[in-house]
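Q: Could you walk me through this structure, a bit at a time? I'll ask as we go.

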Amino acid sequence: MKKLTEIRWHGRGGQGAKTASLLLADVAFSTGMYIQGFPEYGPERMGAPITAYNRLSNEPLRVHSNIYEPDFVAVVDDTLLESVDVTAGLKEEGAIVINTKKDPKELLPLLKGYKGKIYTIDAAKISLECIGKNIPNTPMLAAMVHASKVMDEQLFLDNMRASFKHKFATKPEVVDGNMKALSMALEEVKVYEG
Amino acid sequence: MAISERLSGNEAVSFAIKQINPDVVAAFPITPSTEIPQFISQYIANGEMTTVYVPVESEHSSMSACVGAQAAGARSMTATSSCGLAYMFEMLYIAASNRLPITMACVNRALSGPININNDHSDSMGARDAGWIQIYAENAQEAYDNFIQCVRIGEHKDVHLPVMACQDGFITSHAVERMELIETDKVKAFVGEYNPEKYLLNPDEILAVGTYDTPQYYMEHKKAQTEAMKNARQVIKDIAKEFETISGRKYDMIEEYRMEDAEYAMVIIGSSAGTAKEAIDELRTAGVKAGLIKVRVFRPFPLEEIAAALKGVKAVAIMDKTDSFSAAGGPLGAEVKAAIYGKVDGLVAANYIYGLGGRDVRVEHIKLVFDEIAELVKSGKQPETYKYLAIRE
């Protein structure tokens, strides 16, 4: 049976939302799935709102359009909640994953009555602690895998280690930090079911 | 064993070029094709290719460098988009009329203005009469497969024409998809060495290229050029068959999807063909006999294949991702209508302009088009000469 998961990423230029969508595509591919990972391109610059997408399926993917009714939404920067309609079209049986220091209840008024699950994670804190820099996309990636259940978490971690080893071949010292950020994110992600 | 990979369209085409390892690449960066010369430069710097990269100051020069190199006897390639292709315009004709089989990765992007970096087909469609073979891809896999075949098609002794391997800017060029690569030794064996019959650096046969042509000869040279384009039809089919033996993937002038008993058809080019297939499956589930003709090869134009595929169809929507500003529709609309003239009776043919400047094309849009052409058949009304799809009034 065809199983399709569609994900929309909201971030600001420079925060790595596009990279997160490509990393998710990468890791899903390595588990044998059909994948698409693509950003919406325009005159982007640092700090401007950007959107990226994932389609992940057990069957070949043919549609080449943006995603309007995602199963899951990731918000890499909670200041976007005030300016971007992040829950537009988001399915209620799905979930939204937000990088924030705030309690989910505080964010509710900004989510336009969204009735699905709300996952929150302090990705800034985790990445500062584990990687030494504010790179929220690595913890966000783990939080999205946790929320969407697109793959087994241990399988995800194993594949990510291989992927980081390849990506950081010239600076292997950062692999452990990134792996620690993923594990910590999987532990610290909180869910609010209203 | 094929190699399963996840690549963007630009990465896939760059990898094909690396596998082919041509003699010369001359290119000037322009979004969204910039990554291709960037990746190739990296491959060369890493010692993974022995290609001579000619860094030029413009696209007029990149095509000029390819013309010079190819005439000298070197397999030459370039990549461009949009205004870059427009800036090559003069040299495109020189390449084709001098019968130089240069291969170009054309990453389709809207022409200015208003200035826009996103996808439509106005760039390559603007060059449709330049004498280049044009082959369009639906996804990264096809962009890769087509590029490899294009080299063989252009260099074939019955053809000797330059080839544009087109893909949709950003939509496929920058989207990472799962695809299959072919082993490098197989690609190299398929493409083979470039051994032109005539070339400038041959000391045994003195040759002039690009000479003045008087009215006494010019038409005969043009006739020879058009014959070469006609020959390309069979060559494209033959090379597709040969390619299938190394890839397992079938290609032809057009691809028909669920056309066997279709009453309503769409003719489309490029990445939206995939979106249309999804829409057609949904329509079929709802009992609508919908089908798709994807035009893979636009030059030479597959007029017989399209006319044959449309036999028995009640209505067709012809989708143009560019406006030719003829005030009569787009180029695909005009050519499909010409192809069915006198061949298919009583077919309602509607021409849509869609997806300009990156306007997103959704499954819902395709279904709307099928609704509209079905309604035309039901009401007995004739379609507008052409119309813009899902436009804000």
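Q: Where does Leu200(B) sit?
A: Leu200(B) is placed in the loop between helix H8 (184-191) and helix H9 (215-247) of chain B, where helices (H or I, at least four residues) and strands (E, at least two) are DSSP runs, numbered from the N terminus. Before we go on, please keep in mind that this is a predicted model, in which local features need pLDDT of at least 70 and side-chain atom pairs count only at pLDDT 80 or more, while totals for chains, interfaces and linings use all residues. Residues are numbered from 1 along each chain as its sequence is written, chains are lettered from A and ligands numbered from 1 in the order in which they are written, and side-chain values use heavy atoms, with hydrogens and water left out.

Q: Which residues form a nonpolar patch on the surface?
A: Leu200(B), Leu201(B) and Val209(B) form it, and together they have about 260 Å² of accessible area. Patches are made of residues with over 30% relative accessible area and no salt bridge, with like charges joined within 9 Å and nonpolar side chains (Val, Leu, Ile, Met, Phe, Trp, Tyr) within 5 Å; the areas come from the Shrake-Rupley method with a 1.4 Å probe, and for residues only the protein chains shown count as cover.

Q: Switching to the sheet, what is the strand order?
A: In chain B, seven strands make up an open sheet with mixed pairing, in the order E3-E2-E4-E5-E7-E6-E12, and two strands pair if DSSP finds at least two bridges between them. The edges are strand E3 (52-55) and strand E12 (297-299) of chain B, each of which pairs on one side only.

Q: And how is E6 joined to E12(B)?
A: Strand E6 (residues 133-136) of chain B and E12(B) run antiparallel and are joined by two bridges, and Gln134(B) stands opposite Arg299(B) in E12(B).

Q: How many salt bridges are there over all chains?
A: The structure holds 39, a salt bridge being a side-chain nitrogen of Lys or Arg within 4 Å of a carboxyl oxygen of Asp or Glu. One of them is formed by the side chains of Glu138(B) and Lys294(B), at 2.8 Å from N to O. Glu138(B) lies in the loop between E6 and helix H7 (140-155) of chain B, and Lys294(B) in strand E11 (residues 290-295) of chain B, so this pair ties together parts that are 156 residues apart in sequence.

Q: Is Glu138(B) buried or exposed, then?
A: Glu138(B) counts as buried at 3% relative accessibility, and Lys294(B) counts as buried at 3% as well.

Q: What about Asp281(B), which partner does it have?
A: Asp281(B) forms a salt bridge with Arg258(B), with the closest N and O atoms 2.9 Å apart. The two are 23 residues apart and link distant parts of the chain, with Asp281(B) in helix H10 (residues 272-285) of chain B and Arg258(B) in the loop between E9 and strand E10 (264-268) of chain B. Asp281(B) is buried, with a relative accessible area of 19%, whereas Arg258(B) is partly exposed at 30%.

Q: Which residues do salt bridges that share partners join into one network?
A: The network is made up of Lys2(A), Arg62(A), Arg258(B), Glu278(B) and Asp281(B).

Methods. Buried < 20%, exposed > 50% of the residue type's maximum accessible area, 1.4 Å probe, protein only.
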